[in-house]
Amino acid sequence: MRILGLCGSLRGGSLNAAVVRSAGELAVAPREVVVDPGLGRLPFFDADVERSALPGVVAELRSAVGAADGLLIVTPEYAHGTSGVLKNALEWLVGGGEVDGKPVALASASPAATGGDRARAWLAETLAVMGARVIPRELRIPRATLKIADGRITDEPTRAALARLLDDLADAAAEARAAGGSLAC
Ligand SMILES: Cc1cc2nc3c(=O)[nH]c(=O)nc-3n(C[C@H](O)[C@H](O)[C@H](O)COP(=O)(O)O)c2cc1C
């Protein structure tokens, strides 16, 4: 069971990258969380480029998403929305269709008390349009600077909540597999 972790922040000390990293630590075989090397390597979406010469990094991302049983998408909240980095990646993924039917879990970490709620809501709407199966459980991490240190989640209740999110995502992926729906490629 392969879960692909995507992070919407490029920042070195990113709280949200720490969530994806912690998911990798929590995964136990045969489940694995593979962390995407960084959405910042993607060029800005351009429909002309998509039509004429798809960049290799975009093809790699589409392939990785297609091959994953599920996606863990972790977003920062910027100006009450998700990041441009993540929105750009999703724009490249619209045309490939790999997200259609794909089980997706959403998480967000913010220093604020709102925990990135608005960014996740925003993402859920975009992903629904793309046909993703966004699972009902989400993970919000408010006051995240108190729960994350040295690039990983240190707060035990938050780690447990992340483990439950991964369990639900794995269940959704197994259901999708049984239904013959979303497995790749
Ligand atoms: C331009 C900008 C806009 C932000 N807007 C919000 C916001 O609307 N809501 C929020 O909770 N935090 C906001 N923040 C704070 C981010 O949540 C915080 O910087 C967070 O650490 C970013 O995620 P990262 O640690 O994964 O990079 C904003 C930060 C920046 C730089």
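Visitor: Which residues in helix 6 are called buried, and what makes them so?

Guide: In helix 6, Thr158, Arg159, Ala161, Leu162, Leu165, Leu166, Leu169, Ala170, Ala172, Ala173 and Ala176 are buried. The term means under 20% relative accessible area, with exposed over 50% and partly exposed in between, for a 1.4 Å probe and protein chains only. This is a predicted model, in which local features need pLDDT of at least 70, side-chain atom pairs count only at pLDDT 80 or more, and totals for chains, interfaces and linings use all residues. Residues are numbered from 1 along each chain as its sequence is written, and side-chain values use heavy atoms, leaving out hydrogens and water.

Visitor: How do you know that the span of helix 6 is close to the expected one?

Guide: Helix 6 (residues 156–178) has 23 residues and reaches 33 Å from its first C-alpha to its last. The expected span is 1.5 Å times one less than the number of residues, and for helix 6 that is 33 Å. The helix itself is a DSSP run (H or I, at least four residues; strands are E, at least two), numbered from the N terminus.

Visitor: Why are helix 4 and helix 5 called roughly parallel?

Guide: Helix 4 (residues 84–96) and helix 5 (residues 117–129) pack at about 5°, with axes 11 Å apart. Axes are lines fitted to C-alpha atoms, for helices over the stretch in contact, and angles run from 0 to 180 degrees between N-to-C directions. Angles under 35 degrees count as roughly parallel, over 145 as roughly antiparallel, 65 to 115 as roughly perpendicular and the rest as oblique. Helix 4 and helix 5 are therefore roughly parallel.

Visitor: Which residues of helix 4 and helix 5 meet?

Guide: Leu86, Lys87 and Leu90 in helix 4 meet Trp122, Leu123, Thr126 and Leu127 in helix 5, where contact means heavy atoms within 4.5 Å.

Visitor: Is aspartate 150 buried or exposed, and how do you know?

Guide: Aspartate 150 has a relative accessible area of 80%, so it is exposed. Aspartate 150 lies in the loop between strand 7 (148–149) and strand 8 (152–153), and its phi is positive, about 50°, although it is not a glycine.

Visitor: What makes histidine 80 partly exposed?

Guide: The relative accessible area of histidine 80 is 49%, and therefore histidine 80 is partly exposed. Histidine 80 sits in the loop between strand 3 (70–75) and helix 4, with a positive phi near 65°.
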